[in-house]
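Have the sequence and the 3D view ready.

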Amino acid sequence: MGFKCGIVGLPNVGKSTLFNALTQTAAAQAANYPFCTIEPNVGEIALPDPRLEKLAVLAKSAEIIPTRISFVDIAGLVRGASKGEGLGNQFLANIREVDAIIHVVRCFEDADVTHVEGKIDPIADIDTIETELMLADLESLEKRVDALEKKAKGNDKEAKETLGLVNRGLALLREGKPARLIERKPEEEKLFHSLGLLTSAPVLYACNVEETSAAAGNAFSRKVETRAKEEGAMSVVISAKIESEIAMLPPDERADYLAAVGLKETGLDRLVRAGYALLHLVTYFTAGPKETRAWTITEGTKAPQAAGVIHTDFEKGFIRAETIGYADYIANNGETGAKDAGKMRLEGKDYVVADGDVMHFRFAT
């Protein structure tokens, strides 16, 4: 399990340039005119995790299998998209299937790159996109009310629960607030996600800055950072141009290039880390002669459910998990050394898997 991010933003903010860089493909056409992306592009890449190689060396693994992240490049939205302006609702539906939204915001000035609104104002850009998505959600919920009310009057339990969520959502959206802020109980979470609301996904703002501001950001990106904090979102400063240049370099030359432009890591690494934090994700590992593999789970996942990510039979027949913390695995030169040092633990059904755990599951068939 990795996670799927939808890349949204106004035209000409650098979405497709960023997409191309992140996926190291030319699948998305980057051009200086609106709507150059006329089909949603999907790219899948390995999540960077330096721990994998260290584990694989100690486990003498024949193969390394990282977890994956999918990026969906969605065509630039414009004011009025919810009513069919630009490419309209054709693309709004693609956002419904993602775990998180990466909202690329233009935080650079360049007279050679036109802005669809005619001025550089990242907060106004955010408001434009958010408004269009909220209007689409509002219309979607309003269409459901009559049918739900009829079912609820017939004592349909699920319809009553759904209607309650829908009414809460309508009240919030009419106040100009996104659906992700709807107050809900843990047991309502599954029902909430079944509504398929565009503004239900958490948001990560990618502030696309000029090359000279890639390390520290600029006045535009700081405004976005403030906005993100106010709404409980996250923001990352990134230069799509730098990322596209890094993507063209051989892996052994990238560190020198990053140092030359004053960066310690790529924008991809920052995006992934921020995305993991936003979605409360952690990684555990399995390691052996055949392969070392990374598995992504939600924070707070217990051992049987973590095992189920590998195979449903592992969860059904779960007995115990042989667990070694990553630091202990490395410090003791692998599984045997960690066992000899008393660092391997036998964990049961109530164990909450920690980030970096190296695990071997015992299960009954």
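Buried means under 20% relative accessible area, exposed means over 50%, and partly exposed is in between (1.4 Å probe, protein chains only). Helices (H or I, at least four residues) and strands (E, at least two) are DSSP runs, numbered from the N terminus.

Quick background: this is a predicted model, where local features need pLDDT of at least 70 and side-chain atom pairs count only at pLDDT 80 or more, while totals for chains, interfaces and linings use all residues. Residues are numbered from 1 along each chain as its sequence is written, and side-chain values use heavy atoms, leaving out hydrogens and water.

Now for the charged pairs. The whole structure holds 20 salt bridges, each one a side-chain nitrogen of Lys or Arg within 4 Å of a carboxyl oxygen of Asp or Glu. Here are some of them:

| Pair | N to O distance |
|---|---|
| Asp 73 and Lys 15 | 3.3 Å |
| Glu 265 and Arg 273 | 2.8 Å |
| Lys 339 and Glu 335 | 3.0 Å |

Asp 73 sits in strand β4 (residues 68–73) and Lys 15 in helix α1, so this pair ties together parts 58 residues apart in sequence. Both Asp 73 and Lys 15 are buried. Glu 265, in contrast, is partly exposed at 22%.
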